[in-house]
Amino acid sequence: MKKFKLILNTILILFISISKSYSLVEVDITRGNLNPLPIAVSPLFQDNYSNTFFEKELEIKDIGSEISKVIENNLKQSGLFNPLSKDAFLQKPDIAHLKPRFEDWTLIKSQALITGKVTAVDEKLKVEFRLWDVLAGREMLALAFTTVPSNWRRVGHIITDKVYQRLTGEKGYFDTRIIYVSEEGPKTQRIKKLAIMDQDGFNTKYLTLGNELVLTPRFNPTNQMVTYLSYFRNLPRVYLLDIETGIQEVVGDFPGMTFAPRFSPDGKKIIMSFAKDGNSDIYTMDIENRIVERITNHPSIDTSPSYSPDGKFITFNSDRSGYQQIYVMKSDGSNVKRISFGKGLYGTPVWSPRGDLIAFTKLHKGKFYIGVMRVDGKGERLLTENYYQEAPSWAPNGRVLIFYRETKSNDKGEGFTAKLWSIDLTGYNERMVNTETDASDPSWSSLLSN
Amino acid sequence: MNLSKILKNTFLVILLSMVVSACATKKTATIDSQIQGDVYTGTDTVEYLAKGVPDRVFFATNETILTTMSRDTLRKQAAWLRENPSVNVVLEGHADERGTREYNLALGERRANAAKDYLMTYGVSADRISVISYGKERPVDSGSNPLSWSKNRRSVTVKAN
């Protein structure tokens, strides 16, 4: 176990001003957005002293420009914004940040503008930014952050979250991380490691060495702990890992395989399956007092449990009808109801953080789908079809899903890949998520800063 | 284009399609001889615990039922285990890649237990048998086709000591 210290330095957020005036610029994220909002992200301006300081400190030239690229990339990946080419910008970053000449930005068809300034203050990184409504010719938002210089990418993510929230009216999902399983080697002897990275694929860290098979990592609500399945000593068991200390422990004392773990929404319990004598049922364990509770008791396979955000219900996967289907029950195991009734098999149900939808994997006629349905099973919508894909995980705002997709091998077993993909709830904006290696079993963190 | 050329082309097309269908028939025949009712019946990947004692049994998609052939294999294993009382075994249950990971872990566990139950019926005591599921994590054949998948849906009896 490689010890890994998660850098969660507090970022000081200083509100300069938030203009509450009504604005023309807004983005509707409830539909597939075929006309992304044209936005200009001006490189953040920096004085000579700051430039030299950060170049020495971070070995990065022009940190202001790099932060603006982080923002630009985030906005582009969201599918809701169209960041304009910097080549077309007429106004210099420092002047634009003070007072944009709106006609210059209207000319290049920009509707919103982000400007900013980076300074070195007491060896810290201070970033100011402003969001401007170009058509109305006024400021919409102005904020400043101070943090350690190594946190510069996070500043870019936080700025994106603020801009996203101001323009869409919903919280963003950019200052987040993804925990996943990194995969290498041939299919028959795949080497798997736990890995964690920023939502945009940067800052990858490996949490295990690959000596034992690891699967299905999931964050706790504060993103400090991870629960996952490890084959340590060839005993497949659910583990709990403290990311900061690197300390890991087996969850519960079960005389058989435990798997499919997730945290309860308050982070106090782990819910998982326990398999014994050919039967898998759902159990919970209280992390603090270690009390184990049995939730289902049925001779079928019961697995992939996921709590509703209020903790009152659990959705899970069972083949009690003869085939894999999705069920919902009260969190004490009572009132079990089947909710999936479409054609095909259904698996990996996961409750939306907004509470209104359940995302799932569906297998029908040899194709795999990622879809969503309401919690009563109605309104099923399939978002994407492919040769193989499964295991959706929600972005904290409940607008985007991340999952993994595998390609078909030829008869020699060549051509196999596993990659992470994301798609909007609208079914639009499907994108591959960059990872250093092949990847599977992604789990999205909550927002790191609120 | 004159008539003879058209005829010639038509003939070529017919000839080609005959070749293609001949290949198709041949391929189906090989798969058919190795899969019966969705269960692998070949010997490609099979190893032996002892002479005449195959180490594994195969399953149909999403199924944990033991076929006649599987039961025959397990009876041979049971007889061999009764003759070798010092040997303990691990039953490794596996699934193919066409299912969700967590469900496949449960399915592999169920398959290995189906084999375990049968060995116990034929006189092997439970404390000599342990069970582990690998779900779809350890395929023996890395192809993505029905034959490869059928080889991977298996329970393998492995000597533990």
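Predicted model: local features only at pLDDT ≥ 70, side-chain atom pairs only at ≥ 80, totals over all residues.
## Where chain A meets chain B

Chain A contributes 32 residues to the contact, and chain B contributes 21 residues. On the chain A side, the elements that give two or more residues are strands: S11 (214-219), S15 (257-263), S16 (269-276), S19 (302-307), S23 (345-351) and S27 (388-394). The largest share of that side is three residues, and these come from S15(A).

Sorted by class, the side of chain A that touches chain B has 15 polar residues, 11 nonpolar residues and six charged residues.

## Helices H2 and H5 of chain A

The crossing is right-handed.

From H2(A), the contact uses A:Ile63, A:Ile67, A:Val70, A:Ile71, A:Asn74 and A:Leu75. They meet A:Trp152, A:Arg153, A:Val155, A:Gly156, A:His157, A:Ile159 and A:Thr160 in H5(A). Of the residues in this contact, eight are nonpolar, four are polar and one is charged.

## A closer look at H2 of chain A

H2(A) is 15 residues long. The distance from its first C-alpha to its last is 21 Å, close to the 21 Å expected at 1.5 Å a residue. Just after the helix, A:Gly79 has a positive phi of about 75°.

Several positions of H2(A) are buried: A:Ile63, A:Gly64, A:Ile67, A:Ser68, A:Val70, A:Ile71, A:Glu72, A:Asn74 and A:Leu75. Among them, A:Ile63, A:Ile67 and A:Val70 also take part in the contact with H5(A).

## Chain B as a whole

Chain B is built from four helices and eight strands. Read from the N terminus, its elements follow the order α-β-β-β-β-β-α-β-α-β-α-β.

The chain has 161 residues, of which 42% count as buried. Among its contacts between residues at least 6 apart in sequence, 69% join residues at least 24 apart.

## Helices H2 and H3 of chain B

In chain B, helix H2 (residues 68-83) and helix H3 (residues 101-121) have axes that come within 9 Å and cross at roughly 55°. That angle makes H2(B) oblique to H3(B). H2(B) passes H3(B) in a right-handed crossing.

The residues B:Arg71, B:Leu74, B:Gln77, B:Ala78 and B:Leu81 of H2(B) meet B:Ala115, B:Tyr118 and B:Leu119 of H3(B). This contact is made up of six nonpolar residues, one polar residue and one charged residue.

A:Pro392 sits in strand S27 of chain A, one of the strands that give two or more residues to the side touching chain B. A residue is buried if 20 or more other C-beta atoms lie within 10 Å of its own. A:Pro392 has 27 C-beta neighbours inside 10 Å and therefore counts as buried.

Leaving aside residues up to four places away in sequence, A:Pro392 touches A:Thr348, A:Val350, A:Ala359, A:Thr361, A:Ile370, A:Leu401 and A:Phe403. A:Lys117, by contrast, is 275 residues from A:Pro392 in sequence and 38 Å from A:Pro392 in space, C-alpha to C-alpha.

Note on methods:
Residues numbered from 1 in each chain as written. Chains lettered and ligands numbered in written order. Contact = placed C-beta atoms within 7 Å. Nonpolar A, V, L, I, M, F, W, Y, C, P; charged D, E, K, R; others polar. Left-handed = near helix turned anticlockwise from the far one by under 90°. Expected span 1.5 Å × (residues − 1). Buried ≥ 20, exposed ≤ 12 C-beta atoms within 10 Å, placed from the backbone. Axes fitted to C-alpha atoms, helices over the stretch in contact; angles between N-to-C directions. Parallel < 35°, antiparallel > 145°, perpendicular 65-115°, else oblique.
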